[in-house]
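Here is a short note for someone opening this model for the first time. Please read the points with the structure in view.

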Amino acid sequence: MENDAIQLKDVTRVFGAGDRVVTALDRVSLDVPRGTFTAVMGPSGSGKSTLLQCAAGLDRPTSGSVRVGGTELGGLGETRLTLLRRDRIGFVFQAFNLLPALTAEQNVALPLRLAGRRPARAEVREVLARVGLGDRARHRPAQLSGGQQQRVALARALITRPEVLFGDEPTGALDSQTGREVLALLRAMVDTERQTVVMVTHDPVAASYADRVVFLADGRVNGELRGVGAQDIAARMTALEGAPC
Ligand code: ADP
Ligand code: MG
């Protein structure tokens, strides 16, 4: 659909060869409308990270099609794919991956510098203010709490105004209170700025911040839930993971 930020069609990703072959994604199709918040859940090894990496142009599917804002990634060479990632995609990881020697504002400015732009301080400060860290611009990561570091990482992902923000367990390393602050921030970006967010999580409470939860099992989409709370999401996960041994 015209209004989709991401479109996956029959995406298959196979790792390895011979008797070591693993089908991490098996004909996954998924459309993500602009301005929505999608959570991706599934048992360990179900293909969540692979799905995110393929959708973000960090990995290439073995077959199938990935479109970002209508651009088919399969047709792009490495250089153009790198530019698309740089200019149109934001990514936050469980480990914040900040550069320890740089201040918060220097970390946030980095994507613009890598793009050959000289970032205006006001621009950097404005993004830091959006994540509630306007007064921490000169701090280095070691001087910040985990939640603050993840908010710096969010600001760094947002400085380029990406069409889609991806998060692979972005709250996985945070305590639940701090994690909720980050989730509330993501939710607010979707609601007030029509940011598109796709987040992998194994936490039903985190997933309940999303508009919809897409479930993966064995590399395949196994249904989705919308407009339900953490308890229903947890019940669905328990069913997917099978009865505990
Ligand atoms: P999840 O994030 O849901 O835990 P992944 O997407 O990381 O799952 O992995 C899905 C499957 O693909 C797993 O069986 C995993 O071992 C395999 N896999 C992922 N990346 C690689 C890789 N680079 N090489 C080989 N196998 C991989
Ligand atoms: Mg993973």
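**Helix packing and the ligand site**

1. Helix 5 passes helix 6 in a right-handed crossing. The model is a predicted one. Helix 5 covers residues 146–158 and helix 6 covers residues 176–193. Their axes come within 9 Å and cross at roughly 20°. That makes helix 5 roughly parallel to helix 6, because angles under 35 degrees count as roughly parallel.

2. Helix 5 also packs with helix 3. The angle here is about 30°, and the axes are 7 Å apart. Helix 3 and helix 5 are therefore roughly parallel to each other. Helix 3 passes helix 5 in a right-handed crossing.

3. Now follow helix 3 (residues 104–114) to helix 4 (residues 121–130). Their axes come within 10 Å and cross at roughly 110°. Helix 3 and helix 4 are therefore roughly perpendicular to each other, since the range for that term is 65 to 115 degrees. This crossing, of helix 3 and helix 4, is right-handed.

4. Turn next to the ligand. Which residues are around ligand 1? Phe 15, Val 22 and Ala 24 are among them. By type, the shell around ligand 1 divides into 4 nonpolar, 6 polar and 1 charged.

5. Check the polar contacts one by one. A polar side-chain atom of Thr 50 lies 2.6 Å from an oxygen atom of ligand 1. Gly 47 uses its backbone: an N or O atom there lies 3.1 Å from an oxygen atom of ligand 1. Ser 46 also takes part through its backbone, with a polar atom 3.2 Å from an oxygen atom of the ligand.

6. How much of ligand 1 does the protein cover? On its own, ligand 1 has 560 Å² of accessible area, and the protein covers 57% of that.

7. Which elements give two or more residues to the shell around ligand 1? They are strand 2 (22–33) and helix 1 (48–55). Helix 1 gives the most, with 3 residues.

How values were computed. Residues numbered from 1 in each chain as written. Chains lettered and ligands numbered in written order. Predicted model: local features only at pLDDT ≥ 70, side-chain atom pairs only at ≥ 80, totals over all residues. Heavy atoms only, no water. Near = heavy atom within 4 Å. Polar contact = N/O pair within 3.5 Å; in protein donor to acceptor, adjacent residues only side chain to side chain. Areas by Shrake-Rupley, 256 points an atom, 1.4 Å probe, with all protein chains shown as cover. Helix = DSSP H or I, 4+ residues; strand = E, 2+ residues; numbered from the N terminus. Nonpolar A, V, L, I, M, F, W, Y, C, P; charged D, E, K, R; others polar. Axes fitted to C-alpha atoms, helices over the stretch in contact; angles between N-to-C directions. Parallel < 35°, antiparallel > 145°, perpendicular 65-115°, else oblique. Left-handed = near helix turned anticlockwise from the far one by under 90°.
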